[in-house]
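Here is a friendly walk through one protein model. Keep the 3D view open as you read, and pick out the residues as they come up.

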Amino acid sequence: MKTLFLQAPSFDGFDGGAGSRYQAKREIKSFWYPTWLAQPAAMVPDSRVLDAPADEVSVEESLRIAEGYELVIIHTSTPSFPTDAKFAELLKARKPNVLVGLVGAKVAVDPSGSLTASPAIDFVAREEFDYTCKEVAEGRPFESITGISYRLADGTVQHNPPRAMIENMDDLPFVAPIYKRDLKISNYFIGYLNYPYVSIYTGRGCRSKCTFCLWPQTVGGHRYRTRSAANVLAEAKWIKENMPEVKELMFDDDTFTDSSNMERVHEIARGLGAMGWTWSCNAKANVPYESLKIMKENGLRLLLVGYESGDDQILHNIKKGLRTDIARRFTEDCRKLGITIHGTFILGLPGETKETIDKTIQFAKEINPHTIQVSLAAPYPGTSLYKQAVENGWLKENEAVNLVNDKGVQLALISYPHLSKEDIFHGVEKFYRAFYFRPSKIWEIVKEMLSSWDMMKRRLREGVEFFRFLRAHEA
């Protein structure tokens, strides 16, 4: 079947953060590559990926494009599901015989609810959906395809047996050729990455058990299944030769630097260094100094590090597997080696108080990553955090459908007897102001702006967006 893989139109300022897994409007507008759509698209001949939010394609134009396909597969999430389902309904009204399927964590954890929410949804793909999409596109009967749920003629929902996890990750085709074929590379930008950049995965799954993290608990699993170093380097070489405008390569694995994986990391790093790549990756704040040194000497520029909190009890509560003293030592090692850090923090996790918010702000100022992102605890259905919040009365069941407001701004949903949603929500603004409005940090950013005209323009644009974000949190 002629197949369209679609990131459907969404609210203005949509951010497809983390491989389009966490849809929300961020403090600075940014776009990640729709890797989870590009991967099955690479397996379906003559398919197309349309990233409507990044391309600023309207609903009407997206519908016109989708009408030209027999099968439309939409990547959805808990916050974007209502608008994604509405798009499916509009499409069916125009072309009743089009087959519409949804993929993503939302439908993986709630296949029945997703299907019954709209008659326009013909099927949903659970678990890892790459081969599921391929088999649907091949026209195989639904009853023969593992990993899907669909509606029978009598209106009941049929759940086929689960699909096995992909074990040989090298069997998956490269996604970069799909990026080049279907996407506008210039549309993808992240405040802390060199522009333009490309992000890919070198593996799936994460051994960490963080209670809030969506993807390992719903689709990727807690085993880290990796591509071989040779396979990763072959794709990096393809990008270097075919996308010469790309200035940075980002590895978006949940934790690229997992301790079970360091020899492979070293091999990849040395291969990237030989090609002259500048690169970045996600990392836990416990990477040994010697590994950091090998990575830095071979082109590593930046690490995206999830610190989450400056309070050890909160880190224990969320099963982070990390202490603040280890994170401090790691951060100092990075500083000595000249590795830039973009640090991420979360407010409102179990154990949060007004005092721990202040403690985390002080911790962030002391370790002083170059840039930060502060999020609100997001109890996505399917995560341990969601279950814990419902069981303890911190959140009403099914309230997580309102993770964002109608403008896409993330909402504080969890509240505690001693700490209100409003306190947590406004803690984000307080955090940003305390971290960035320091003379030393302002001067650091000004020096960076003075380094080039491109950086000057970029930081000015981001500054305008950042102040708008702060005003929204004041409201």
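## Ground rules and overall make-up

This is a predicted model, in which local features need pLDDT of at least 70 and side-chain atom pairs count only at pLDDT 80 or more, while totals for chains, interfaces and linings use all residues. Residues are numbered from 1 along each chain as its sequence is written, and side-chain values use heavy atoms, with hydrogens and water left out.

The protein has 20 helices and 16 strands; helices (H or I, at least four residues) and strands (E, at least two) are DSSP runs, numbered from the N terminus. Of its 475 residues, 60% are buried. Here buried means under 20% relative accessible area, exposed means over 50%, and partly exposed is in between, with a 1.4 Å probe and protein chains only. Among contacts (heavy atoms within 4.5 Å) with a separation of 6 or more, 71% join residues 24 or more positions apart.

Seven strands make an open sheet with mixed pairing, in the order 3-1-4-5-6-7-8. Two strands pair if DSSP finds at least two bridges between them. Strand 3 (48-51) and strand 8 (157-159) are at the edges with a single partner strand each, so one side of each has no neighbour in the sheet. From one strand to the next, the twist averages 20°; axes are lines fitted to C-alpha atoms, for helices over the stretch in contact, and angles run from 0 to 180 degrees between N-to-C directions.

Strand 4 and strand 5 run parallel and are joined by five bridges, with Ile-73 partnered by Gly-101 in strand 5. Five of the five residues of strand 5 are buried, so this strand is largely enclosed by the rest of the structure. Leu-99, Gly-101 and Val-103 point one way from strand 5, and Val-100 and Leu-102 point the other way. Ile-74, in strand 4, is buried at 0% relative accessibility. Its contacts beyond four places in sequence include Leu-6, Phe-87 and Val-100. Ile-74 and Val-100 are 26 residues apart in sequence, with their C-alpha atoms 7.6 Å apart.

Strand 6 (residues 123-125) pairs with strand 7 (residues 148-151) in the antiparallel sense over three bridges, and Phe-123 stands opposite Tyr-150. Helix 8 (residues 130-137) lies across strands including strand 4, to which it runs at about 160°.

Another open sheet has six strands in the order 9-12-13-14-15-16, with parallel pairing. Strand 9 (197-200) and strand 16 (371-376) are its edge strands, each pairing on one side only. Four bridges join strand 9 to strand 12 (residues 248-251), and Ile-200 stands opposite Phe-251. Helix 18 lies across strand 15 (340-347) and strand 16, at about 170° to strand 16.

## Nonpolar cores

A nonpolar core is a set of buried Ala, Val, Leu, Ile, Met, Phe, Trp, Tyr and Cys residues joined through side-chain atoms within 4.5 Å. The largest has 121 residues, and those touching the most other members include Phe-251, Trp-279 and Phe-330. Helix 18 (residues 421-436) gives this core its largest share, seven residues. Apart from it lies another core of 25 residues, among them Ala-52 and Phe-81.

## Charged pairs

How many salt bridges are there? The count comes to 29, taking a salt bridge as a side-chain nitrogen of Lys or Arg within 4 Å of a carboxyl oxygen of Asp or Glu. Glu-128 and Arg-225 meet in one of them, at 3.0 Å from N to O. Glu-128 lies in the loop between strand 6 and helix 8 and Arg-225 in strand 11 (residues 225-226), so the pair ties together parts 97 residues apart in sequence. Glu-128 is buried, at 1% relative accessible area, and Arg-225 is buried at 3%.

Glu-297 and Lys-293 form another salt bridge, with their closest N and O atoms 2.6 Å apart. Glu-297 is exposed at 54% relative accessibility, whereas Lys-293 is partly exposed at 30%. By contrast, Asp-333 in helix 15 (residues 324-337) is buried yet has no salt bridge. The nearest side chain of opposite charge to Asp-333 is Lys-336, 4.5 Å away; Lys and Arg count as positive and Asp and Glu as negative, while His and the chain ends are not counted.
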